[in-house]
Amino acid sequence: MKHITCIEDLRELHKRRVPKAFFDYADRGSYSEETLRANRADLQQIKFRQRVLVDISKRDLSTNILGEPAAMPLILAPVGLLGMQHGDGEILACRAAQAAGIPFTQSTMSICSIEDIASSVDKPFWFQLYVMKDRGFIKSLIERAIAVKCSALVLTVDLQVIGQRHQDIKNGMTVPPEWSVSKLIDFATKPTWVSGILRGKRRTFGNLVGHLKGTDDVTALSVWINSQFDTTLNWKDIDWIRSIWPGKLILKGILDVEDAEIAAKTGAQAIVVSNHGGRQLDGAPSSIEVLPEIADSVGSRMEIMFDGGIRSGQDVMRALALGAKSCMIGRAYAYGLGAGGQEGVAKAIEVIAKELTTTMGLCGVNTIAEIGDDVLAV
Ligand SMILES: Cc1cc2nc3c(=O)[nH]c(=O)nc-3n(C[C@H](O)[C@H](O)[C@H](O)COP(=O)(O)O)c2cc1C
């Protein structure tokens, strides 16, 4: 990891070390990938004001996230199938986050189960929920998250149907991931990945095993999700979830001011302004484009988290300047995991932290609380 200087280096290494189907699953977006590209392009257009001769010797990234101290305003977003990017990927990513003093969010669609992670780490983590048709099973999933003392529930609201990711279909992404003959040539050139996966605890969806039909057969991932996820899910169901989950609730996938206003009345403590990293509604605006108006309208009533396109500390600074209190990263750490397991995730976090502290310094800012839109050039 010595020569890794930026997230793009981790992406290149991930691409070399992990089979194409799993790299593409992490890297690509839905349909023509307009929103995926907009997330990056719109962040890159935001310019900083360079300020000079300010005492920047006391720079400090520490903050709090949902009332808990955090080493910096960064969260590892829920990412499905981490355990296919690296054996026991969810455990390794959670350990890296906890060592760095930031929250880790486990996806419903993880390879390791909630209990696998809980028994392998020291501190609580967050759990992300997708609501499926079998509400009895969803209730039991929430109860499992309560039993292991997850410290926040992230309800993802932007995936009732799946935005088609062409590349997953072309690559034959299946559930459980298939070890077909056609993939063996690719696997044969990735021996470190293969041995990591073989040593891992599991090779299918750890949270869902034994509960849902379809996980025993091999089905296209998108077909399976479309058949299992609950398309009736609506705002009234938040009350039902809150009747089971007593803790902090975060609604992830808000991209519209009107929805943000409704979200503020649900009793949820936070929203994530997000378009699922350009993997769902293609043609939706970038997350950064809508962030300022959403932060203006509900930022005084709930905590605003942001994701979509963050690949650097500069990007974190841009989102904080436009009203986010903290940022989630998805691909940035998934690349790290594919590139080098726990060390790779730690590297991704370290790269972003160093870039953020330097950017703060060059903008004449010492603390996270000081970052406002006056750090931006208009
Ligand atoms: C490979 C991959 C899998 C994902 N799986 C989930 C998931 O299971 N649940 C969820 O709420 N979001 C999921 N997301 C979306 C992320 O939580 C996050 O919103 C997105 O990655 C942010 O964009 P970024 O990758 O540009 O940082 C996934 C994203 C990626 C890249």
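## Overall dimensions

For 378 residues, a compact globule would have a radius of gyration near 21 Å, and the protein agrees with this at 20 Å; the radius is taken over C-alpha atoms, and the globule rule is 2.2 Å times the number of residues to the power 0.38. Along the principal axes, the C-alpha atoms fill a box of roughly 60 × 50 × 40 Å.

## Basis of the description

This is a predicted model, in which local features need pLDDT of at least 70 and side-chain atom pairs count only at pLDDT 80 or more, while totals for chains, interfaces and linings use all residues. Residues are numbered from 1 along each chain as its sequence is written, and side-chain values use heavy atoms, with hydrogens and water left out.

## Composition and surface

The protein contains 16 helices and twelve strands, taken as DSSP runs (helices: H or I, at least four residues; strands: E, at least two) and numbered from the N terminus. Of the 378 residues, 58% count as buried, meaning under 20% relative accessible area with a 1.4 Å probe, protein chains only.

Among contacts (heavy atoms within 4.5 Å) with a separation of 6 or more, 74% join residues 24 or more positions apart.

## Helices α1 and α2

The axes of helix α1 (residues 7-17) and helix α2 (residues 20-27) come within 8 Å and cross at roughly 150°; axes are lines fitted to C-alpha atoms over the stretch in contact, and angles run from 0 to 180 degrees between N-to-C directions. The two helices are therefore roughly antiparallel, a term for angles over 145 degrees. Arg 11, His 14 and Lys 15 of α1 meet Phe 23, Ala 26 and Asp 27 of α2 in this contact.

Note on methods: Parallel < 35°, antiparallel > 145°, perpendicular 65-115°, else oblique. Buried < 20%, exposed > 50% of the residue type's maximum accessible area, 1.4 Å probe, protein only.
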